[in-house]
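These are my notebook entries on a structure that I examined for the first time. I set down what I looked up, entry by entry.

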Amino acid sequence: MSKRHGGKILADQLAINGVRRVFSVPGESFLAALDGLYDHDIQNIVCRQEGGAAMMAEAHGKLTGEPGVLFVTRGPGATNASSGLHVAMQDQTPMVVFVGQIALTDRDRGAFQEVDYRRFFSPLVKWAAEVETTARLPEYIARAFHVARSGRPGPVVLALPEDVLSAEADVPDLGPAQRPEQPVDPATARGFLDRLLAHERPMVVAGGPGWSAEAQADLEALAEATGLPVAVTFRRQDYMDNGHPNYIGDLGVGMNPRLGQRLRDADALLILGARMGETATNGYTLIDPAQPGKTILHVHPDPDEIGTVYQPTASLAGPAPAVLAALRGTNGRVKDAAWTAQARADYEAWQVPQDTPGAVKMEQVVRLISDRYEGRALYTNGAGNYAAFVHRYARYRGYKTQVAPTSGSMGYGLPAAIAAKLQHPDRPVICFAGDGCLQMTLQELSTARQFGADITVIIANNGRYGTIRMHQENHYPGRVSGTELFNPDYVQLAQSYGGTGHLVTEMDQLAPALDAADRGGLHLIELRLDPTMLSTTRSL
């Protein structure tokens, strides 16, 4: 065995753990790690700002189920990345972040860009540590990959002092971190189902981490076998084919009021993987934590997550997909088939476009795009009122065709689209972004061009921070303050990045723009929206 510098040890451990792509903004604090990557077939996606890089890594984790890996430098590099780590924590996405750090010999002197990352990141991540001995790098990296994937998945931060990375050590590699097994007893799973079906108004709520195409198929099979209605939580709409007769909609921002009432009226819930937090319960009003008034059967991989808000009637600490697998081939039917049928009818009625002001109508845009690609495309978005149109009118057919932040982070859609296209280069990837949302990570268009991520960006331009303006009108009507925006010429901007821009001021201009986008290249399609449109249901 020969000595290796810390950066080489680190890169070797990444390869052992199956990492094939990392995201980064380079810094002198981790030059040894960059040198280590030089000898491996690990693609380094070099980004333009750490917030965008972190969101790309998070989206990669969301798409693959494996930890997204991020490298950022000390001080402002690490603090810039924190927005993406917050997404990963709230969305329960596995992620491993390596932060270049000042040399150990300079610690506690207020050195250039010095930050105590254990203290800074601890409230944002599952685990934050600093490696102080080169020989212990394999140990720390193995633990990081384990923690990121176990229980409730999430982000892990390892700070790497410059001198630890550059020093040499004679240390053996460790094998790949193993995903913890959480077997589910079929009898226990069946007992949950029997308890659910014993009620008059049962409902399944699906969400949370660890899902797959196989889990989606199992959920659909369970719904068919039992007649149960299935709702999903915020931005988990691709967990079930939206065309399935038992799919009844999403419990998210701008949810169907009838679905919210149905959640209130249900007398039993089987919660599969979801946390049932503020968004799914409309600020904890649809179910009262103090007096839920219904049977709650909660399945979640992390036992510490169960009972944090709602006290369950019964709980199971295990992955929701494993519970669904254990329920394959089960029998039993809902007592009242009309309960499910009416819920589905409410969903279909909610899908009928509700007219909004202006020549370009978001409800028609989303339906046209959804119908055009019919399950082939991956859709990403960040946050803003434009996203409510995507939630309401898009129909997701296959698992992981929706890549969006349950944390509600603006700026997410563009970096996520780049990560999605890199992972699925043969599929259309469409980013929906508001003008405010897009401009938070706009510089990552350069990353898209550099690495050949031919994405289509639909820009909902209403010249304002629309969500904040809506709330402003609710609380201080007519007193506009701090919500107006200036926008660049997006057509020229696209051209400056080597892409193609399209301005849509009438609905008949959208299809030709999409035709051009389907032929390849980077495309920005700007929708000039009526600024009086506030949401899917409200206008000024």
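Entry 1, the sheet. I began with S17 and strand S18 (residues 456-461), which pair in the parallel sense over five bridges. I took helices (H or I, at least four residues) and strands (E, at least two) as DSSP runs, numbered from the N terminus, and two strands as paired if DSSP finds at least two bridges between them. Within this pair, Cys 431 stands opposite Val 457 in S18. The model is a predicted one, so I kept in mind that local features need pLDDT of at least 70, that side-chain atom pairs count only at pLDDT 80 or more, and that totals for chains, interfaces and linings use all residues. Residues are numbered from 1 along each chain as its sequence is written, and side-chain values use heavy atoms, with hydrogens and water left out.

I then followed S17 (residues 429-434) to S15, with which it pairs in the parallel sense over four bridges. Here Thr 380 is the residue opposite Cys 431. S15 also pairs with strand S16 (residues 402-403), again in the parallel sense, over two bridges. I noted Val 403 as the bridge partner of Thr 380 in S16.

Which strands make up the open sheet, and in what order? I read six strands in the order S16-S15-S17-S18-S20-S19, with parallel pairing. S16 and strand S19 (500-504) are at the edges with a single partner strand each, so one side of each has no neighbour in the sheet.

I also checked the side chains of S15 (residues 378-381): Leu 378 and Thr 380 point one way, Tyr 379 and Asn 381 the other way, and all are buried. Buried means under 20% relative accessible area, exposed over 50%, and partly exposed in between (1.4 Å probe, protein chains only).

Among the buried residues of H4 are Gly 77, Leu 85 and Asp 91. Their cover includes helix H3 (50-64), strand S4 (68-72) and strand S7 (155-161). After H4 comes Gln 92, with a positive phi near 60 degrees.

I counted 11 aromatic pairs in the structure. Rings of Phe, Tyr and Trp (its six-membered ring) pair if their centres lie within 6.5 Å; planes under 30 degrees apart count as stacked, over 60 as edge-to-face and the rest as tilted. Phe 120 and Phe 121 form an edge-to-face pair, 4.9 Å centre to centre with 90 degrees between the planes. Phe 120 is partly exposed at 32% relative accessible area, whereas Phe 121 is buried at 1%. Ring pairs also link Phe 30, Phe 71 and Phe 98 into a cluster.

Is Thr 483 buried or exposed? I found Thr 483 in the loop between helix H18 (466-475) and helix H19 (490-496), and at 2% relative accessibility Thr 483 counts as buried. Thr 483 and Gly 466 are 17 residues apart in sequence and 7.6 Å apart in space, C-alpha to C-alpha.

Note on methods. Contact means heavy atoms within 4.5 Å.
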